Amino acid sequence: MRMTKATDTAGTNAGADRRTKVTAANGPLVQGVVLNVAAPLAVFYGLRAAGAGLWWAVLASALPPTLEALLTVVRERRVGMLGILVLSMVALGAALSVVTGSPRFMFAKDGWMTGIVGLVFLCTLRGRPVIHRILSSVTRGDKRAQIERDWETSPTFRHLMRLLTAVWGVGLLLDSVVRVVIAYTLPVDSVMLVTTLQYVALFVSLEVFSRRYGRTPARVAAIRSEAAAAA
């Protein structure tokens, strides 16, 4: 009976540990979805329903993504290249929005900012690509060490990092063009919803492609084989 109770307790603790790890891993994702997708929509349409002006509603809707960028910096406890880029784009976009005072420009500037990020992705292809830097910055301990070893020892891994960076860069550039067109053609009150849905569709598509392409058994085996041969 005692052994059974001990086994049950161990199983319960193991289950709790797994749930804790899953929660910790999904925390940043949930935070990003809430602050980058749900909160801006709620702020914009909530203020519009309350009678706020379009310019103020658009400006206020930019606050949750700004908060998300700051929380990411605090969580990582350092300002990496991507954090600097995001915060710089947010600051530049806010400054331009205040200067112009145009709601359509405030929507369009998100497209221009996305395009700049896409260009930065593509410009890193000659060195360490952005995707590799992101993976390295969001991992810790043995996992980060493994990523660094794979970069140093596996041509397949380096090719994968560059290909995914190129795919994301091109995707962000295409997204920027569509955002600007939408900002100046659709009814202003519809732009926020359409561009947010577009953002979600683009992100999910790129994320699914990255995971499926990067985790194919043959590719993972090639990376492990090359790393082992270089050890």
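A residue counts as buried under 20% relative accessible area, as exposed over 50%, and as partly exposed in between, using a 1.4 Å probe and protein chains only. Arginine 211 has a relative accessible area of 41%, so this residue is partly exposed. The model is predicted: local features need pLDDT of at least 70, side-chain atom pairs count only at pLDDT 80 or more, and totals for chains, interfaces and linings use all residues. Residues are numbered from 1 along each chain as its sequence is written, and side-chain values use heavy atoms, with hydrogens and water left out.

Start with the whole protein. Its secondary structure has 10 helices and zero strands. Helices here are DSSP runs of H or I with at least four residues, strands are runs of E with at least two, and numbering starts from the N terminus. Of the 231 residues, 32% are buried. The accessible surface is about 13400 Å², and carbon and sulfur atoms hold 70% of that surface. Such areas come from the Shrake-Rupley method with a 1.4 Å probe; for residues, only the protein chains shown count as cover. A contact means heavy atoms within 4.5 Å. Among contacts between residues at least 6 apart in sequence, 71% join residues at least 24 apart.

Now go to one helix pair. Helix α6 spans residues 130-138 and helix α7 spans residues 141-153. Their axes come within 8 Å and cross at roughly 155 degrees. Axes are lines fitted to C-alpha atoms, for helices over the stretch in contact, with angles from 0 to 180 degrees between N-to-C directions. Angles over 145 degrees count as roughly antiparallel, under 35 as roughly parallel, 65 to 115 as roughly perpendicular, and the rest as oblique. α6 and α7 are therefore roughly antiparallel to each other. On the α6 side, the contact uses His132, Leu135, Ser136 and Ser137. On the α7 side, Arg144, Ile147, Glu148 and Trp151 take part.

Next comes leucine 164. This residue sits in helix α8, residues 155-185. Is leucine 164 buried or exposed? At 6% relative accessibility, leucine 164 counts as buried. Beyond neighbours within four places in sequence, leucine 164 contacts Ile131, Phe209, Ser210 and Tyr213. Valine 130 lies 34 residues away along the chain, yet the C-alpha atoms of valine 130 and leucine 164 are 9.2 Å apart.

Finally, return to arginine 211. Its helix is α9, residues 188-214. Arginine 211 and leucine 164 are 47 residues apart in sequence. In space, C-alpha to C-alpha, the two are 9.8 Å apart.
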